[in-house]
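Hi,

Here is the structure I said I would pass on. Have a look at it first, and then read my notes below.

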Amino acid sequence: MEYIDNLPSMDLMRSEKMTLVQLIIPVESAHRAVSYLGHLGLLQFRDLNDDKSPFQRTFVNQIQLLENFPQVKRCAEMSRKLRFIKDHIHKAGLMPGLKQSPNPASQPDIELEELEVQLAEHEHGLIEMNANSEKLQQTYNELLEFNMVLQKAGDFLLSSGSHAADQETELDENIHTIDDYADTASLLEQEMQPGPSNQSGVRFISGIICKSKVLRFERMLFRTTRGNMLFNQAPADDQIIDPASNEMVSFSFFMGNILNSVEKIVFVVFFSGEQARTKILKICEAFGANCYPVPEDTTKRRQITREVLSRLSELETTLEAGLRHRDKALTSIGFHLARWMNMVRREKAVYDTLNMLNFDVTKKCLVGEGWCPIFAKTKIQEALQRATFDSNSQVGVIFHVMDSIESPPTYFRTNPFTNAYQEIVDAYGFHKNVAVGRVCCNKRNAKIFLHFAFGVIVGWLTRLVKFEVSGNVVVLMGYLFGFCLCEMYLKIYSSVGRYQEANPAVYTIVTFPFLFAVMFGDWGHGICLLLGALFLVAREKKFGSQKLGSFMEMLFGGRYVLLMMSIFSIYCGLIYNEFFSVPFHIFGSSAYKCRDATCSDARIVGLVKSGETYPFGVDPSWRGSRSELPFLNSLKMKMSILLGITQMNLGIVLSYFNARYFSNSLDIKYQFVPQIIFLNSLFGYLSLLIIMKWCTGSQADLYHVMIYMFLSPFEDLGENQLFRGQGVLQVILLLLAVIAVPWMLFPKPFILKKLHTERFQGRTYGILGTSDMYNDEEPRSARQPHHEEFNFSEVFVHQMIHSIEFVLGAVSNTASYLRLWALSLAHSELSTVFYEKVLLLAWGYDNLIIRLIGLAVFAFATAFILLMMETLSAFLHALRLHWVEFQNKFYSGDGYKFRPFSFAALNDDED
Amino acid sequence: MYGFEALTFNIHGGYLEAIVRGYRSGLLTAADYNNLCQCETLDDIKMHLSATEYGPYLQNEPSPLHTTTIVEKCTLKLVDEYKHMLTQATEPLSTFLEYITYGHMIDNVVLIVTGTLHERDVQELLEKCHPLGMFDSIATLAVAQNMRELYRLVLVDTPLAPYFSECITSEDLDDMNIEIMRNTLYKAYLEDFYRFCQKIGGATAEIMSDLLSFEADRRAVNISINSIGTELTRDDRRKLYSNFGLLYPYGHEELAVCEDIDQVRGAMEKYPPYQAIFSKLSYGESQILDKAFYEEEVKRLCLAFEQQFHYGVFFAYMRLREQEIRNLMWISECVAQNQKSRVHDSVVFIF
């Protein structure tokens, strides 16, 4: 026991020791203190005003004491203005991110109040500039459209052969009548022959309309005039911006031509009658068609066109000048934008944090509570002192440690290497949450749940199929789907290990890549993975600083996992002697040789042993021989069971360390001991038999031994006996296993009940609550105890579930480790198929093209199926073995993560 | 197949039902309303709403807020959600969802026609229309002079066309005509919707017939009360009642002959579900009748969520959200006009 206590402590094994601290900060230095703490990022504030609505909080509205403090609302308003400006900069096609100054610290810090004033000015200026240029732009577009209409409508009028130059119409009128006194009787005739009908009272309206509306527009016109009209249309040459839509068109004048423009159609409607005119005009208005007057006369039309064009060019220069001016203004703002946004975000975070604090009785100080790691206490105190000093406060900040009943948050200090493994372990919380259906019904959760359920169902279905189709491509898709979504939402739901409980990540660092490699053993593929991983590791600095796509980000985050996985796969591949399924004689010559020189019967009859045993791993000569599959299957199956039993035993031993650490002797006596007895008396014994069989080369049938150990324990083992006294040992082990079940089921709940009744014996009254004064001062403090009810039936049912889970789990988890065998078999078979049926087949032809095609197919299959899909599949199975089979032995995973108030984390959250 | 929806409903409707139930849990709760009622300014309201699902829709609004902006943005959220569901829906759910908007369409048609009658600007009117009831050629409604033209020009292309068969006259439009048109359209719409739901069958039919009957009955009562003292004859009034619902047919006979509100009350108190509503009112009072009806409706709509595998939840959700927006509008108006004492007059708590 002393030996265990004297073991060197592992950093990652237990989460950091945390402590609850109380800060009493004088009002005048509160803001500075909190922002210094934000820079430090090692203190997690507890919300002491949980029950108050947002606008009852102190710093939302200005209060009499703190008149100089900007409020949260002001910050929100400022960030809105910043968003507004940023939008405009983006629309103008200027990239603020690139123009950001390289060294923000060198710029002088400006005060928040000053910034607010500046922002208001900038916003005002921008809005004004927009309004001006918008007006100009609108006129410009109108003229552009007018020009277009003039051209197109002129063409119509010309083509209809109307050269009635004698009658001129006014420019400012929309409607141009040739003859005001139409003969209504000849309406139909006019409609039939539009060309020479000018004399008989046909008027026309010309205009321009969106292409998408033109069909409906025409139909509507037809209906209203009962068919008495002629509709001519022609597409406008250029894309034109609609003058009516106020959609910031002016903003990006040059880009706008591409972005906001629509295809338009120029139309000319011929009709007759005054009533029809009003109706058509109304319809034009309703459809948003812009009507422009077009004079009948060609010379007049030319004159107007000239005028329009000259005005257009004038406007263009004005617009451009305005645009340059605005661009300049925006660039100068863009220079500071990132820093300002950062500043406002920090300011807002500080006020949000201040809102979590409470006033003390005198209203002169703010009282805050929070969690911090013990090692950070001095740093926090330093920061607080600095704050007091810098704000010239008379009174220092009081910082003291408090006791707490609530469980502290879990915090691991990880480095880039261990971080990925810690993430793998933390992801378990999500897995568990979904499994117990704790997903409540709100919008986001409903979606997640559906997606996840779908993924799991597909996974299960394909898994059923899997045992028939030995390729596991299908299985993978299901898991892949479920997992990708799972990965996406992990950030929302990760709940981490309980405070200070044993952290599986320590062991995962080695066992995870190892179990992966058992399934992925191929040193050729391993080298490919290694190259990829090394590339990621070597470019760490470069990738770390830039934004990556979601997939790339995932890869990059797990680069060290990938590295370890590849190294272990090379190791396992050497043991399996697999290199793209080509056997190599690396460690000397083979121990076996063929019966004759042609070696034709190796597949049917087998090989003969001739020399020394092959020194390392599987003998290469066995590839393709009769005994290859039976031997490998037997080896891998037994090996998976051995690995599984070892890992599960490790899990149970860790539960012992947990119980010891939390000095819970009950768990040791009534949970750990029976569990380890149960597992080892059945499956530990099986492992013993396996090792013994390997060592002695016995022919005993282990299935038979294990099955008859239960069915008829007293029968003689016969030829299956491996050692003397085996029969007696079996009976003893069986008895032990049978005893272990009630041992772990009954005593614990009864003892708990006894302890409970003893503790409250003779107490008829409950403990008095703390005084009202105290409550007022610190509502919802972590110091207040929770009153727990002891419910025997609940405890008993819980224990029953736990025991049954363990007993059944011992069988099913052992079987579950057989996936190691299945996956590794599938992997080697798949690579054999690609090598033999694709590459060698193509090589059989004496044709360069076929060989090249064969090579290409082989390369693609290797890269996409074997390297990508198989990696993922093996990864997921290794993940499952860790989450379920290993961690459920000891890991409760119901803690919550330490989220310190930190400006650095704030920046990460953005976007 | 009644009672077997659980087998097949989720094939097409499962995803959307999950979505709509998720949306529902985003509705404001009584605690939210309590907080909102304490607000001093519209900014406070925005502040509070930013913590709810309305947050993203309001966050970019510059500070001097108006009631209309709040309502507009909240409606925008509802419309976005509706559009999301509509694009995901398959038959017959998509038709069902479309049916929900026809009521707004009728209201919009009436709004524009009345507006043009009083020579308002069409653009201004269009802005006032409910976005759910928009259709392509809605602006051209202004062209029409009488019912026949209205139908022939514009409405023949819309889903409302079949409902028009009963009210095509060549009379010129006036306020009375338009009101009668609205009610005739509504009657036809409700009956059509009712038939459609019966065709779907199962729990949808059961729940929707309850909800629609209530709607029809409420309209019948409102028509009766509003037509007291107008030139509408009894027969005409009788024609405006929908041909289903709890009051059909005997209650309608009684309502048709009512001459004052107490007679309406007498007719209604024979029906137990409505007795409770009318017993809340003192004699001769009709102001809070609307609120009482709304409360009853909200209660029934919430009950629709108690059962699974039916389309009623979509109807119920849309209605509840509309009620919520009405509440928000009332609260914001009260806050904006410093009438905080009246804030509770018209707010219907949903949960």
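**Where the two chains meet**

Chain A and chain B bury about 2700 Å² between them, and 60% of that is on carbon and sulfur atoms. Please keep in mind that this is a predicted model.

Which of them gives the most? That would be α9(A), with six residues. Sorted by class, the side of chain A that touches chain B has 13 charged, ten nonpolar and five polar residues.

As for the contact itself, 28 residues of chain A touch 34 residues of chain B. How many salt bridges does the rule find across the interface of chain A and chain B? The count is zero.

**Segments listed in UniProt**

The unreviewed UniProt entry lists several stretches of chain A under "transmembrane region", including 448-465, 512-537, 727-746 and 848-869. I looked at two of them in the model:

- Residues 512-537 of chain A are 92% helix and 0% strand, with the end C-alpha atoms 19 Å apart.
- Residues 727-746 of chain A are 95% helix and 0% strand, and here the end C-alpha atoms lie 30 Å apart.

That's what I have for now.

Cheers

Technical notes
Residues are numbered from 1 along each chain as its sequence is written. Chains are lettered from A and ligands numbered from 1 in the order in which they are written. This is a predicted model: local features need pLDDT of at least 70, side-chain atom pairs count only at pLDDT 80 or more; totals for chains, interfaces and linings use all residues. Side-chain values use heavy atoms; hydrogens and water are left out. Contact means heavy atoms within 4.5 Å. Buried area is the accessible area (1.4 Å probe) that two parts lose on being put together, summed over both. A salt bridge is a side-chain nitrogen of Lys or Arg within 4 Å of a carboxyl oxygen of Asp or Glu. Helices (H or I, at least four residues) and strands (E, at least two) are DSSP runs, numbered from the N terminus. Ala, Val, Leu, Ile, Met, Phe, Trp, Tyr, Cys and Pro count as nonpolar, Asp, Glu, Lys and Arg as charged, and the others, Gly among them, as polar. UniProt positions are given in the numbering used here, feature names are shortened, and annotations may be inferred rather than shown by experiment.
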